[in-house]
Amino acid sequence: MPENMGRALVCLSEPAHFRLRLFLDGLLIGALTGAVIALYHVLLEGADWLRPEVYAFLRTAGPLWTVGWFLFLWGLSFIVWRMMRLDSMVGGGGIPDIKGILRGETRLRWARVLVGKFVGVVLSIGAGLSLGRGGPSVELGACVGAGVSRTAGRSNSEERFLLTAGAGAGFAAIFNAPLASLVFSFEELAKNFSQQVLMGVLGAAIAAGFVTQEVFGVGPMFAVGPVAAVPLGEMYLLLFALGIFSGGLGRLFNAFLLRSLAAWARLRVPDWLRVALPFLAAGILGFFLPDILSGGNFLVNRLVLGQVMPAALFLLLIGKFLFTGVCYGSGVPGGIFLPVLVLGALSGAVFAAGAAALGFLPPDLCPTFIIFGMAGFFSGSIKAPVTGSVFIMEITGSFEHLLAVVCVAAAAVLVNDLTGGRPVYDELYERSRRLCEGEAAKRGRHVMAEIHVGAGSRLANRTIAAIPWPPRAHVLNVRRGSEELLPQGALRLLAGDFLYVLTDEGDLQTLEQAAAEGSSLAQGSAERHGEEL
């Protein structure tokens with residue numbers, strides 16, 4: 001019996017003890033991730049404070065100081081370029097990479113990615129590039145999870161759970177939103193509700209939140225505070241209109257992001273120059289439009305407080321929109337999670353200013369619509385409405401807005417659906433997978449996958465013996481509710497069952513697609529193996 005199969009069977013023979021171990025490992029991962037993210041947060045906040053001071057000095061200093069500043073930015077870009085050469089996962093946001101790792105497409109070299117991503121993101125965002133720290137925080141947490149897993153000698157099966165726990169800890173630590181981190185882990189990463197995932201992420205989120213807030217004293221990224229509640233009876237149409245407006249902009253942002261990536265890929269310049277160009281662009285914008293630099297969480301706080309002139313809102317929205325696409329398309333380390341939220345706040349501010357000018361919205365509700373715009377743009381782009389809604393509840397500290405936020409998020413998701421859109425992280429992941437196809441050896445390494453049988457899938461209502469499994473797949477266990485079932489050939493699988501399957505990494509995505517609602521195992525396996533099933 002292969003060693004990995006033996007470890008998997010031991011875990012499944014005592015599921016309660018296995019979940020306890022995942023919870024305890026999650027606590028350790030969360031504590032370590034919290035410490036990493038706290039340092040990361042302090043450095044980025046310090047850069048956001050120092051950068052305006054630098055540009056204020058340069059505006060009155062001599063031209064040699066300005067030349068020196070641009071040389072300094074070029075030097076930072078060179079360091080970032082060197083960091084990107086450590087590993088392909090150092091560049092970009094991180095969440096598409098984690099999705100690929102969890103689907104068995106590639107393997108995380110956690111130590112070099114942890115160092116390279118940390119340094120690369122601090123220097124890139126610190127220099128003013130319009131990129132986010134949320135996606136990289138998720139990846140840094142996943143690196144910590146992988147490090148703990150491999151140091152402790154955990155199996156490949158457990159490592160997937162611990163990676164998810166670390167990713168959730170990174171989300172909870174950077175946004176001070178533990179509940180949203182749980183929802184994000186299920187809705188965007190795991191794609192199903194699992195007790196094993198729950199216990200790992202729960203322990204990690206608790207520990208990460210405690211370490212960042214209580215030990216290091218890191219406050220919330222968005223200091224918006226409570227905002228006025230919306231009278232739903234009078235505002236339903238306006239809320240849906242906001243969702244359509246902000247969600248439509250989110251859908252447009254996805255298309256622009258992909259076009260930017262394609263344009264940068266066609267640009268025939270040395271890699272070091274590709275990295276340097278957005279740094280130099282940030283240096284120029286620092287003199288003329290500094291509010292669009294960096295992630296922009298400080299801009300959201302100013303919008304809610306009414307410290308931005310209405311006439312400047314449209315310019316800031318367009319500038320942030322374009323500069324974020326340019327920065328992300330270059331492949332520099334940094335994500336889009338935070339810029340998406342900032343663009344959502346700007347879209348809400350533009351909508352609120354227009355509605356207030358037309359007499360449809362009382363001025364005291366403008367800050368509320370700014371916050372709701374974040375949920376709309378987020379749902380129209382990332383297409384994770386539950387995560388977006390819960391996140392808004394946590395940063396405002398009130399659940400009285402829940403129904404109103406859900407209205408905005410639902411309208412935004414419908415816009416994405418009706419225009420043929422997909423979640424931006426799925427699109428980025430698919431693009432990355434196509435580019436890297438055939439690059440890494442995906443077969444020969446066994447992992448244990450937890451697979452949820454969806455209603456209407458080719459696995460539902462079929463016996464285990466009748467299913468054309470991939471050549472080296474072994475069904476180890478079946479969980480139906482709280483009952484553990486032996487995977488005998490005559491056992492008929494039902495929608496809602498959880499399967500624990502030991503399989504090659506290269507077959508993992510095929511199995512997950514087969515178990516999804518309305519999918520076909522025969523088609524996916526035939527495409528992969530060239531078999532008639």
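V54 sits in helix α2, which covers residues 15-60 (helices being DSSP runs of H or I with at least four residues, numbered from the N terminus). This is a predicted model, in which local features need pLDDT of at least 70 and side-chain atom pairs count only at pLDDT 80 or more, while totals for chains, interfaces and linings use all residues. Residues are numbered from 1 along each chain as its sequence is written, and side-chain values use heavy atoms, leaving out hydrogens and water.

**Around V54**
- V54 counts as partly exposed because its relative accessibility is 21% (buried is under 20%, exposed over 50%, partly exposed in between, with a 1.4 Å probe and protein chains only).

**Helix α11**
- Residues 271-288 form α11, whose 18 residues reach 27 Å from first to last C-alpha, close to the expected 26 Å (1.5 Å times one less than the number of residues).
- Its buried residues include R274, F279 and G286.

**Where α13 meets α14**
- Helices α13 (residues 310-329) and α14 (residues 337-357) pack at about 155°, with axes 9 Å apart (axes are lines fitted to C-alpha atoms over the stretch in contact, and angles run from 0 to 180 degrees between N-to-C directions).
- That angle makes the pair roughly antiparallel (over 145 degrees).
- In α13, L313, F314 and K320 are among the residues that meet α14, where the partners include P339, L346 and A353 (contact means heavy atoms within 4.5 Å).

Key. Helix = DSSP H or I, 4+ residues; strand = E, 2+ residues; numbered from the N terminus. Parallel < 35°, antiparallel > 145°, perpendicular 65-115°, else oblique.
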